[in-house]
Amino acid sequence: MKSRNRISTMRRRFLALLAVFSGSLLTSRSVATGKQRQLSLHEADFYKPHDLAG
Amino acid sequence: MGDVTCELCPRYCTIPEGGAGDCRVRVNIDGKLVATTYGRPSSVHIDPVEKKPLYHFHPGSAVFSIATAGCNLHCRNCQNWQLSQRGGEEMERIYRAEPADVVDAALAENCHSIAYTYSDPIIFYEYVYDTSVLAHDHGLKNIFVTAGYINEKPMRRLCQVIDATNIDLKAFDDGFYRRNCSGSLKPVLDAMVIAREEGVWLEVTNLVIPTLNDDIATVRRMAHWIRDNLGEQTPLHISRFTPHYQMRNLPPTPVESLHRVWNEARDAGLKYVYIGNIYGHKSESTYCPNDNTRLIHRVGFSVEEYNLTSDGRCPVCNQKVSGVW
Ligand SMILES: [Zn+2]
């Protein structure tokens, strides 16, 4: 479990770094803090076909 | 500040400060266990109740269905792995949806129920619980679609606020759970018994995977266990596997295998056995266990014909059909 946590932190940092290089400071910040842009529920298309089981 | 132990599921993760449990979404912040995806679903859809699948619970009704990231099992064949095998921070989409927002949306869309589904709602337990309480206050029903890998105490508590559950019995084989899901069988069986004891409407799903869980002797033991512990009236959904995620090496389940499992379950005395994931199969429909009258004709997730009486009986022989109608 510890190694999973470590990988997750490393991965997050990697994604943040990647986002910096791709030019999105906002994304890099959000990824680094684990807080991406959150959408209002009204922005969801409830009837969009999907392939999730359950 | 120290470690915290999450007592929700049989993993009993001991989580160091700043760390996450095995499910990725229950974390230790300043010595407190926090469910990070509370009020933050990543999947929100309206589905027919038949998709859950529930065939004996308000057929044809619309279900407001939500899920957050994370799962406490890691099945190699997970169909929803992009949701379940990720933490919240890895999701492309996250919605802000407090329990009141979910209930409002479900009511606005004329849904009959709210389903906690897609990943395993066990890991967003507090969100499920609070939303369910509010949903009941507003006349909505609650559906819990789960693999049932949960401890007794939280399961009993949850049963006080949910109305129906589909529990995925992945195999009647502990080795299968250990090899393919990083879980174990016993807690799942216990959860099903608890649902029954607590009066929650229960249907069981068994996904048949070629060579891994289609051994007919094991299927027979499963069917007998369901009959003896949950009752012969418990609907069983025998579902076709298709290759996904880390299990792409196996073919889709041959239809003959599903028929063998179906026959075995019927021979064991189970009254309502369905075949799922094969569009248009005659075993998608509900038949009277007494005279075989077709009571509910389904094609895919759609109810084409409904012949039950208002109190859930066969119109020909008056046989009572178990369910919530
Ligand atoms: Zn009948």
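Colleague: What sits over the ring of Trp201(B), and how far is that from the centre of the ring?
Modeller: This is a predicted model, and in it the charged end of Arg196(B) sits over the ring of Trp201(B), 6.0 Å from its centre. Another such case is Arg157(B), whose charged end sits over the ring of Tyr129(B) at 3.8 Å from the ring centre.

Colleague: Why is the pair of Tyr38(B) and Tyr127(B) called tilted?
Modeller: The two ring centres are 5.3 Å apart, and rings pair if their centres lie within 6.5 Å. The planes stand at 45°, whereas stacked requires under 30 degrees and edge-to-face over 60, so the pair of Tyr38(B) and Tyr127(B) is tilted. Ring pairs also link these two residues with Phe124(B) into a cluster, and the count over all chains comes to 7 aromatic pairs.

Colleague: What makes the pair of Tyr38(B) and Tyr127(B) a tie between parts that are apart in sequence?
Modeller: Tyr38(B) belongs to the loop between strands S4 and S5 of chain B, while Tyr127(B) belongs to helix H3 (residues 125–137) of chain B, so the parts tied together are 89 residues apart in sequence.

Colleague: How do you know which of these residues, Tyr38(B) or Tyr127(B), is buried and which is partly exposed?
Modeller: Buried means under 20% relative accessible area, and partly exposed lies between that and 50%. Tyr127(B), with 1%, is therefore buried, whereas Tyr38(B), at 26%, counts as partly exposed.

Colleague: What type of aromatic pair do Phe172(B) and Trp225(B) form?
Modeller: Phe172(B) and Trp225(B) form a tilted pair, with 6.2 Å from centre to centre and 45° between the planes. Because Phe172(B) lies in the loop between S10 and helix H5 of chain B and Trp225(B) in helix H7 (residues 216–229) of chain B, the pair ties together parts 53 residues apart in sequence. Both Phe172(B) and Trp225(B) are buried.

Colleague: What makes S5 and S13 of chain B the edge strands?
Modeller: In chain B, the open sheet of 8 strands runs in the order S5-S6-S8-S9-S10-S11-S12-S13, with mixed pairing. Strand S5 (43–48) and strand S13 (273–276) of chain B each pair on one side only, and these are the edge strands.

Colleague: How many bridges join S9 to S10 of chain B?
Modeller: Strands S9 (residues 141–146) and S10 (residues 164–168) of chain B run parallel and are joined by 4 bridges, where pairing needs at least two. Within S10(B), Ala164(B) is the bridge partner of Ile143(B).

Key
Residues numbered from 1 in each chain as written. Chains lettered and ligands numbered in written order. Predicted model: local features only at pLDDT ≥ 70, side-chain atom pairs only at ≥ 80, totals over all residues. Heavy atoms only, no water. Helix = DSSP H or I, 4+ residues; strand = E, 2+ residues; numbered from the N terminus. Phe/Tyr/Trp six-rings, centres within 6.5 Å; stacked < 30°, edge-to-face > 60°. Buried < 20%, exposed > 50% of the residue type's maximum accessible area, 1.4 Å probe, protein only. Lys NZ or Arg CZ within 6 Å of the ring centre and 35° of its normal.
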